[in-house]
Amino acid sequence: MQITELLKGLNIPVGERFVSVTPKEAKFMHHWVKDHGLTRTLEIGLAFGASACCILSAHSGRHTCIDPFQKDQWRDIGLANLASLGFDDRVDFHADFSHAVLPRLLAEKREYDFAFIDGNHLYDGIFIDFYYVDKLLCHHGFVLFHDSWLRGTQLVASFIKRNRKDYRPIRCPMPNLILFQKIGVDQRAWDHFREFYTWKNIFYHRLVSLYPVSVKNYLSKK
Ligand SMILES: C[S@@+](CC[C@H](N)C(=O)[O-])C[C@H]1O[C@@H](n2cnc3c(N)ncnc32)[C@H](O)[C@@H]1O
């Protein structure tokens with residue numbers, strides 16, 4: 001089934017579609033997972049299950065997803081969407097906060113090929129998610145961040161680029177996604193630190209925030 005058709009078949013209430021990845025992003029994720037043969041996948045932030053469905057349709061392995069608000073905020077629609085496509089028996093769903101679930105997955109010695117971070121969008125939330133995802137990713141695994149327009153996401157990406165030589169940034173054709181591949185072992189000295197709050201990214205963010213129209217144009221290219 002084509003990704004656009006699959007997405008059209010999902011129950012996503014009108015007026016809440018902005019919550020999910022766009023069809024172009026979904027297509028990109030699906031092909032990335034499929035083309036790289038990634039079968040152990042993890043996602044933080046299920047909502048209506050759009051990204052989960054495009055990941056699950058790309059492989060035949062298991063998909064772990066985490067969302068503390070699936071029942072109350074999203075009326076269990078995400079889980080129902082996964083079930084309607086017959087994916088439910090390949091899903092390990094955790095109805096809890098990622099900061100509680102990720103350490104448990106680590107204690108269980110889980111390993112993933114691909115992780116999608118789209119949960120708590122505050123800087124510290126994204127950072128904590130990356131901290132654990134890094135420990136759960138296999139060698140050559142990928143981590144994908146949604147909402148690159150957010151300052152919090154940009155700062156976490158800037159931290160990785162400047163401090164984590166064991167990650168390779170991958171040029172991503174989707175402007176609202178940021179992709180990295182784990183290519184080595186973290187060998188930082190105990191006191192290592194490189195500034196990642198740079199003038200360049202502060203300036204860029206201020207510029208974009210000053211011109212909301214340009215943000216819309218930027219995002220409409222998705
Ligand atoms: C933008 S939505 C995710 C959309 C989904 N990835 C998609 O494209 O279909 C963000 C989700 O993160 C969840 N969330 C918020 N805080 C979280 C946390 N601390 N841990 C895990 N999920 C969280 C919300 O309940 C919401 O479902």
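Which of the 23 residues around the ligand come nearest? Read on to the ligand view below. This is a predicted model, in which local features need pLDDT of at least 70 and side-chain atom pairs count only at pLDDT 80 or more, while totals for chains, interfaces and linings use all residues. Residues are numbered from 1 along each chain as its sequence is written.

**View 1. The shell around the ligand.**
G45, A47, A50, F69 and G119 come nearest, out of 23 residues around the ligand. To be near, a residue needs its C-beta atom, placed from the backbone, within 6 Å of the molecule. Sort the shell by type and you get 12 nonpolar, 9 polar and 2 charged residues. Here Ala, Val, Leu, Ile, Met, Phe, Trp, Tyr, Cys and Pro count as nonpolar, Asp, Glu, Lys and Arg as charged, and the others, Gly among them, as polar.

**View 2. N81 and its surroundings.**
You'll find N81 in helix α4, which covers residues 77-84. Helices (H or I, at least four residues) and strands (E, at least two) are DSSP runs, numbered from the N terminus. Is N81 buried or exposed? N81 counts as buried because it has 25 C-beta neighbours inside 10 Å; the cut-off is 20 or more other C-beta atoms within 10 Å for buried, 12 or fewer for exposed, and partly exposed in between, with C-beta atoms placed from the backbone. Leaving out residues up to four places away in sequence, N81 touches L10, N11, F48, G49 and C53; a contact means C-beta atoms, placed from the backbone, within 7 Å. Take C53: it sits 28 residues from N81 along the chain, and their C-alpha atoms are 8.0 Å apart.

**View 3. The open sheet.**
Follow the order β3-β2-β1-β4-β5-β7-β6 and you have walked across an open sheet of 7 strands with mixed pairing. Two strands pair if DSSP finds at least two bridges between them. At the edges are β3 (91-94) and β6 (167-170), each pairing on one side only. From one strand to the next, the twist averages 15 degrees, using axes fitted as lines to C-alpha atoms and angles from 0 to 180 degrees between N-to-C directions.

**View 4. Where β6 meets β7.**
Zoom in on β6 and strand β7 (residues 177-182), which pair in the antiparallel sense over 4 bridges. For I170, the bridge partner in β7 is L179.

Definitions and conventions:
Contact = placed C-beta atoms within 7 Å.
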